[in-house]
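User: I am new to reading protein models, and I would like to learn how to go through one feature by feature. Could we look at one together?

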Amino acid sequence: MLTSVDADLLRVLADPLRLQIVTLLARETLCSTHLIEETGARQTNLSNHLKVLREAGVVETEPCGRFTYYRLKPDVIASLAGQFADLAQTAHVTAENNVKRSCP
């Protein structure tokens, strides 16, 4: 079952720009300059979204000279994906067995 923490994470990932950032970071570790180039977002807007992703525990930072690189934390995504897989499995069983609650 999805918890309130998972629901918060879903809200974080529901934003189109944040989802785009997560998708890009799934492929490679990038600095904010790369993310600005790839997304077309303004620096301030991108920084705000990265802050939300960091605070949600979705990405982590790696300082490298005067740049900060961002890396996706795959375990967070895998955990959420696993919960959705469990939910889908439950829905399949429910559908196969035609489980329904009778009305009063």
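Analyst: Let us begin with strand pairing: two strands pair if DSSP finds at least two bridges between them. This is a predicted model, and in it Glu62 stands opposite Tyr69 in S3. Strand S3, residues 67–72, runs antiparallel to S2 and is joined to it by six bridges.

User: In what order do the three strands of the open sheet lie?

Analyst: The order is S1-S3-S2, and the pairing is antiparallel. Strand S1 (30–31) and strand S2 (59–64) each have a single partner strand and stand at the edges, so one side of each is left without a neighbour in the sheet.

User: Which helix lies across S1, S2 and S3, and at about what angle to S3 does it run?

Analyst: That is helix H2, made of residues 16–27, which runs at about 90 degrees to S3 while lying across the three strands S1, S2 and S3.

User: Is Leu72 buried or exposed?

Analyst: A residue counts as buried when its relative accessible area is under 20%. Leu72, which lies in strand S3, has a relative accessibility of 11% and therefore counts as buried. If we set aside residues up to four places away in sequence, Leu72 touches Val22, Leu25, Ala26, Val58, Val59 and Ile77. Leu72 and Thr29 are 43 residues apart in sequence, yet their C-alpha atoms are 7.5 Å apart in space.

User: Where is His49 placed, and which residues is it in contact with, leaving aside its neighbours within four places in sequence?

Analyst: His49 belongs to helix H4, which covers residues 43–55. Leaving aside those sequence neighbours, His49 is in contact with Asp15, Leu17, Arg18 and Ile21. His49 counts as buried because its relative accessibility is 11%.

Conventions: Residues numbered from 1 in each chain as written. Predicted model: local features only at pLDDT ≥ 70, side-chain atom pairs only at ≥ 80, totals over all residues. Heavy atoms only, no water. Helix = DSSP H or I, 4+ residues; strand = E, 2+ residues; numbered from the N terminus. Buried < 20%, exposed > 50% of the residue type's maximum accessible area, 1.4 Å probe, protein only. Contact = heavy atoms within 4.5 Å. Axes fitted to C-alpha atoms, helices over the stretch in contact; angles between N-to-C directions.
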